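Please read it alongside the sequence and the model.

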Amino acid sequence: MTEGYELMSEANPLNLSAMLNNALVLGIESSCDETGVALVQLQGPETPVLLSQALHSQIEMHQAYGGVVPELASRDHIRRVLPLGAQVLAQAGRTLAEVDVVAFTRGPGLAGALLVGAGVACALGAALGKPVLGVHHLEGHLLSPFLSADPPNFPFVALLVSGGHTQLMRVEGVGRYTLLGETIDDAAGEAFDKSAKLLGLGYPGGPALSRLAEGGNPAAFKLPRPLLNQPNLDFSFAGLKTAVMVQAKRLAVEHAGTVVELPLQVRADLAASTEAAIVDVLVKKSLAALAQSGLGRLVVAGGVGANRHLRQQLNQACQRRGVRVHYPELHLCTDNGAMIAMAAAMRLQSGVQTASRIYAFDVRPRWPLDAL
Ligand code: KG4
Ligand code: ZN
């Protein structure tokens, strides 16, 4: 009976305020194909600081299958999470007993993978008698620029571009998020991944397509930029993937071979044109969101935020308009434990959430960010 572990009720949450000044938060990320653990410390009213972090990427394991195999992902998280936790504590010169709060990614993500992080976090919390806190994965991405040397100030517009989500949010403060627009079908990351697959590139497709695109001509192929001229802030990338497929098939017939056998330059041109179409839409919609909201600050987060071309285009466009752009450190764009520990620390600090000693956890594979 899980409730048997309950040391206090939700109605009587742990009073953290006394220890909030320098509380240690251990964060666990396991929503997809990276196991991440990190230790963040609160600093009174200042931005919490990252003490240490460790990450294990499953990319190599999933590469053989051309994409993430959920069952294998869960099994690997089980193998990695506790050793990574020990590594993080050792790096920071801390012990498990010193941890004040254990945070974990509660969703969205793969159910089995999420359950590993949630289960381990709650077991640690129950064993230590320490409270736990479930974090929204996208909030982790959203707040990840606060881990950088140049953190943003609130309010700002956030462009969230991960493997499964493409959203523009108005962010007033921690936990105060309004959805301005989102994709009505595929995410930008999905458009990168699926187009890369069509070009015979490995998983994850985003970085691979981007590398191939470096030697290509972005104007070589005319590809659609869906919803670009609509006044709303929604995205649609499914048509782009189809257009890339049609072009790839036509070129293969023209060169009497398969797509993979196409001359390198032709593949590079198609990759560059695809990347340009995705980036063009992301940049123009972000600018529209800034104009509509009247805000002068943009935060870009999520795996696609690592894209060099996107950063270049956004930097140029924002500089012209006097808009400040903030990104997470490059290595913190994709999934990691630091962003989860940081989001938990900032939620505690701002008082929007308390950690709880109820260890009857659940996960939320589907979970809209603006429902927080
Ligand atoms: O945020 P993330 O690590 O995981 C999710 O929460 O989904 O994002 C992964 C996505 C994948 O679609 C991957 O192809 C894409 O981010 N990605 C990139 C780049 N690095 C990662 N897309 C374009 N260019 C990159 N450099
Ligand atoms: Zn992510």
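## Strand E1 and its partners

In this predicted model, Ile-28 stands opposite Phe-104 of strand E4, and the two strands concerned, E1 and E4, pair in the parallel sense over 4 bridges. Toward its other partner, E2, Ile-28 has Val-37 as its bridge partner, while Leu-26 is bridged to Leu-39 of E2. Strand E1 (residues 24-29) and strand E2 (residues 34-43) run antiparallel and are joined by 6 bridges; they form a hairpin with 4 residues between them.

How many of the residues of E1 are buried? The count is 6 of 6, and the strand is thus described as mostly covered. In a regular strand the side chains alternate between the two faces of the sheet. Both faces of E1 are covered, with Leu-24, Leu-26 and Ile-28 buried on one side and Val-25, Gly-27 and Glu-29 buried on the other.

## The sheet and the helix across it

The open sheet has 5 strands in the order E3-E2-E1-E4-E5, and its pairing is mixed. Strand E3 (46-57) and strand E5 (132-136) stand at the edges, where each has a single partner strand, so one side of each is left without a neighbour in the sheet. On average, and with direction ignored, neighbouring strands of this sheet are turned by 25° against each other.

Helix H3 (residues 111-128) lies across E1, strand E4 (101-107) and E5, and runs at about 160° to E4.

## Lys-130, between H3 and E5

Lys-130 is placed in the loop between H3 and E5. Is this lysine, Lys-130, buried or exposed? Its relative accessibility is 16%, and because residues under 20% are classed as buried, Lys-130 counts as buried.

Apart from neighbours within four places in sequence, Lys-130 is in contact with Ala-97, Glu-98, Val-99, Asp-100, Gly-125, Arg-357 and Tyr-359. Phe-235, by contrast, is 105 residues away from Lys-130 along the chain, and the C-alpha atoms of the two are separated by 42 Å.

## Helices H5 and H6

Two packed helices are described by the angle between their axes and the distance between the axes. For helix H5 (residues 188-198) and helix H6 (residues 205-213), the packing angle is about 65° and the axes are 7 Å apart, with H5 passing H6 in a left-handed crossing.

The contact is made by Phe-192, Asp-193, Ser-195 and Ala-196 on the H5 side, and by Gly-205, Gly-206 and Leu-209 on the H6 side.

## Helices H7 and H8

Helix H7 (residues 238-254) has 17 residues and reaches 25 Å from its first C-alpha to its last, which is close to the 24 Å expected at 1.5 Å a residue. Its buried residues are Ala-238, Leu-240, Ala-243, Val-244, Gln-247, Ala-248, Leu-251 and Ala-252, and what covers the buried residues of H7 includes H5 and H8. Just after H7, Ala-256 takes a positive phi of about 50°.

For helix H8 (residues 264-293), the 30 residues should span 44 Å at 1.5 Å a residue, and the end C-alpha atoms are 43 Å apart, which agrees. Of those 30 residues of H8, 23 are buried, so the helix is largely enclosed by the rest of the structure. Just after H8, Gly-294 takes a positive phi of about 75°.

Terms used:
Residues are numbered from 1 along each chain as its sequence is written. Chains are lettered from A and ligands numbered from 1 in the order in which they are written. This is a predicted model: local features need pLDDT of at least 70, side-chain atom pairs count only at pLDDT 80 or more; totals for chains, interfaces and linings use all residues. Side-chain values use heavy atoms; hydrogens and water are left out. Axes are lines fitted to C-alpha atoms, for helices over the stretch in contact, and angles run from 0 to 180 degrees between N-to-C directions. A crossing is left-handed if the near helix is turned anticlockwise from the far one by less than a right angle, and right-handed if clockwise. Contact means heavy atoms within 4.5 Å. Two strands pair if DSSP finds at least two bridges between them. Buried means under 20% relative accessible area, exposed over 50%, partly exposed in between (1.4 Å probe, protein chains only). The expected span of a helix is 1.5 Å times one less than its number of residues.
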